[in-house]
Amino acid sequence: MSVLTATPGAAPADEEPPDTGERHRLTAVTGLAALSLDAMASVAYGPEAIVLVLAGAGAHGLGFTLPVTLAIAGLLAVLVASYRQVIAAFPDGGGSYAVARTHLGVRTSLVAAASLVLDYVLNVAVAVTAGVAALTSAFPGLYDDRVWICLAVLALVTGVNLRGIVESARVFIVPTAVFVGSVFVLIAVGLFRAAPVSTAAAHGHASVLADNATAVGALLLLKAFASGCSALTGVEALANTVPSFRVPRAKRAQRAEVALGAVLGAMLIGLSVLISRFHLQPVEGVTVLAQLADASLGHNLAFYVVQFATMILLALSANTSFGGLPVLLKLLARDNHLPHVFALKADRQVHRHGVLTLAAVSAALLVFSGGDTNTLVPLFAIGVFIGFTIAQVGMVRHWLLERGRGRRGKAVLNGFGAVLTGVSAVVVTATKFADGAWLIVIALPLLVAAFEAVHRAYARIGERLGLGRVPERPHRERSVVVVPVSHLSRLTCEALNAAGSLGDEVRAVTVCHTDPEDRAQAAVLEEAWERWNPGVPLVRVVSEHRALGRPIASYVRGIAAPGTRVTVLIPEIEPDRMWQRLLQNQRGAVVAHAVRRDTDAVICRLRFRLS
């Protein structure tokens with residue numbers, strides 16, 4: 001047996017090295033801009049979620065804003081440390097899915113994957129509607145068109161991501177820097193204020209503070225903690241997308257993770273300090289961040305810069321999902337839990353099918369919700385807490401199986417984080433169940449069942465194909481080539497030439513219906529065929545029904561025999577212009593569909609270029 005191989009020679013010294021695609025990957029800085037928008041933007045609603053819960057206990061309850069935030073910052077530190085380890089241990093990405101698949105089993109990994117898929121999709125819808133809500137608050141005349149504006153923003157983010165994750169990072173790095181910079185300026189200036197410089201933003205708006213102060217119990221604090229943990233969504237995105245970074249990929253992703261934790265933690269704590277310093281009370285129709293900007297910077301241009309930057313970043317924070325979900329879908333497809341098309345990668349390192357699928361599902365959610373943030377928020381963040389908990393438990397098992405110094409301390413740290421995120425997941429689900437969280441409780445197992453159904457289908461296909469086994473030696477069979485014809489032309493000649501080179505026997509087949517016009521046309525074709533005399537018999541197949549594909553498929557079934565391979569060669573014209581496809585009668589597609597459906601014949605479609 002001989003095997004032909006071709007070994008390319010070394011490239012000449014004056015030639016450029018081949019493009020490995022590294023320039024289409026992320027650095028630590030661009031990774032922050034592309035994949036941390038979700039986490040960064042969460043400071044716009046995380047502290048507010050804490051304040052709104054604590055407001056139920058009156059002014060006394062608001063005094064616990066900083067302690068609750070410090071607890072969340074502590075959990076953030078645990079998560080960042082844990083996901084740094086996840087990045088190092090699983091450099092192919094996947095986050096909690098990869099951890100669970102290795103240490104907790106396939107079923108648990110699918111639960112983690114399903115929770116992340118739901119969270120990513122909901123993040124897009126929530127981010128876009130929140131950003132558009134900020135826009136319509138400033139310009140009320142746009143409120144009735146909010147759905148169309150949401151879809152336009154989604155189309156913009158999708159288009160940018162189809163250009164590649166690096167392109168999206170370059171586009172979004174400026175608004176990210178402006179937002180983070182403005183928040184830090186707000187905090188720095190506010191720390192030097194003894195009192196609010198302005199309260200114009202909240203003037204005339206009703207306070208949501210409870211009139212009758214109640215005791216601050218453990219349940220209230222737990223609920224405030226769970227609500228504030230919505231600020232932690234997006235922390236896992238960097239661990240999910242390690243392959244999107246430049247080499248050394250794990251090191252760059254780890255640096256980005258640490259930077260994200262430091263920036264996010266500093267912003268959360270700083271804003272909470274100002275809330276306590278200014279004794280801020282939540283009011284209807286004005287966000288907590290807007291009140292803080294008003295109190296620190298005054299009701300001037302700086303106030304509107306903060307608001308505008310917040311609006312832009314909220315809308316663009318959907319980009320985190322576009323960076324993370326396609327990579328997760330690729331891993332699921334690689335493990336045969338999703339169609340393999342999701343594993344395909346286009347130019348610029350783009351998982352195009354994942355991006356387009358996310359955009360389509362998110363668009364449906366936006367239309368379903370009517371562009372209303374409040375409809376979607378109850379569903380949000382449950383999935384990410386489930387993923388957090390599974391990842392932490394998996395890392396505990398990872399450290400218990402490892403050998404080396406410090407592993408027990410790391411296992412204890414991850415175990416503590418698992419308890420905190422697990423309790424948060426239960427509390428968030430319970431408190432938001434009646435508001436729509438029940439949909440997630442139903443959707444999660446359905447999605448897991450879908451993953452398993454796809455895997456079973458691929459297993460059956462692999463068994464029938466004999467994947468992983470050495471097949472029998474190939475052997476030659478007698479070959480009959482059937483060529484459907486309806487008239488004589490150069491196309492007919494080209495088809496017969498090709499058929500003669502493919503098979504031992506060639507038969508031309510024409511379908512004749514029983515009406516007089518068709519019989520007359522068939523007679524003309526047979527007479528012309530005899531005059532042409534191509535050396536190939538013309539077979540007339542009579543059909544009582546006005547059908548083309550089924551009579552040919554029936555003829556192919558009739559000539560099929562053991563040891564004989566039947567090929568149907570369908571000649572078709574390849575037009576010069578795309579629009580000229582509309583001029584074709586599509587008979588080739590009809591025949592191919594019928595033969596594929598009803599027979600085991602090989603289908604060959606010959607394209608004849610008119611040019």
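This is a predicted model: local features need pLDDT of at least 70, side-chain atom pairs count only at pLDDT 80 or more; totals for chains, interfaces and linings use all residues.

Student: Where is asparagine 336?

Tutor: Asparagine 336 sits in the loop between helix 15 (319–334) and helix 16 (352–369). Its phi is near 65°, a positive value in a residue other than glycine.

Student: Which other residue has a positive phi although it is not a glycine?

Tutor: Histidine 279 does, with a phi of about 50°. You'll find histidine 279 in the loop between helix 12 and helix 13 (288–297).

Student: Is histidine 279 buried or exposed?

Tutor: Histidine 279 is exposed, because its relative accessible area is 65% and the cut-off for exposed is over 50%.

Student: OK, what about the peptide bond from valine 247 to proline 248?

Tutor: That one is cis, with omega near -10°. Proline 248 belongs to the loop between helix 11 (237–240) and helix 12 (249–277).

Student: Switching topic: which residues touch the most other members in the largest nonpolar core?

Tutor: That core has 128 residues, and the ones touching the most other members are Leu186, Leu232, Val235, Leu292 and Leu332. Helix 7 (residues 106–138) gives the most to this core, with 15 residues.

Student: And what is leucine 292 in contact with?

Tutor: If you leave aside neighbours within four places in sequence, leucine 292 contacts Leu186, Leu271, Leu274, Ile275, Phe278 and Leu280.

Student: Now the outside. Which residues form a nonpolar patch on the surface?

Tutor: Val29, Ile173, Val174, Val178, Leu301 and Val305 do, and together they have about 510 Å² of accessible area. Two elements give two or more residues to the patch: helix 9 (165–191) and helix 14 (301–316).

Student: Which helix gives the most to the patch?

Tutor: Helix 9, with three residues. Valine 178 is located in helix 9.

Student: Why does valine 178 count as partly exposed?

Tutor: Because its relative accessibility is 40%, and partly exposed falls between buried, under 20%, and exposed, over 50%.

Student: What do nonpolar side chains tend to do in soluble globular proteins?

Tutor: They tend to be buried together. Here, for comparison, Val29 and Leu301 are among the residues of the surface patch.

Definitions and conventions:
Residues are numbered from 1 along each chain as its sequence is written. Side-chain values use heavy atoms; hydrogens and water are left out. Patches are made of residues with over 30% relative accessible area and no salt bridge: like charges are joined within 9 Å, nonpolar side chains (Val, Leu, Ile, Met, Phe, Trp, Tyr) within 5 Å. Accessible areas come from the Shrake-Rupley method with a 1.4 Å probe; for residues, only the protein chains shown count as cover. A salt bridge is a side-chain nitrogen of Lys or Arg within 4 Å of a carboxyl oxygen of Asp or Glu. Helices (H or I, at least four residues) and strands (E, at least two) are DSSP runs, numbered from the N terminus. Buried means under 20% relative accessible area, exposed over 50%, partly exposed in between (1.4 Å probe, protein chains only). A nonpolar core is a set of buried Ala, Val, Leu, Ile, Met, Phe, Trp, Tyr and Cys residues joined through side-chain atoms within 4.5 Å. Contact means heavy atoms within 4.5 Å.
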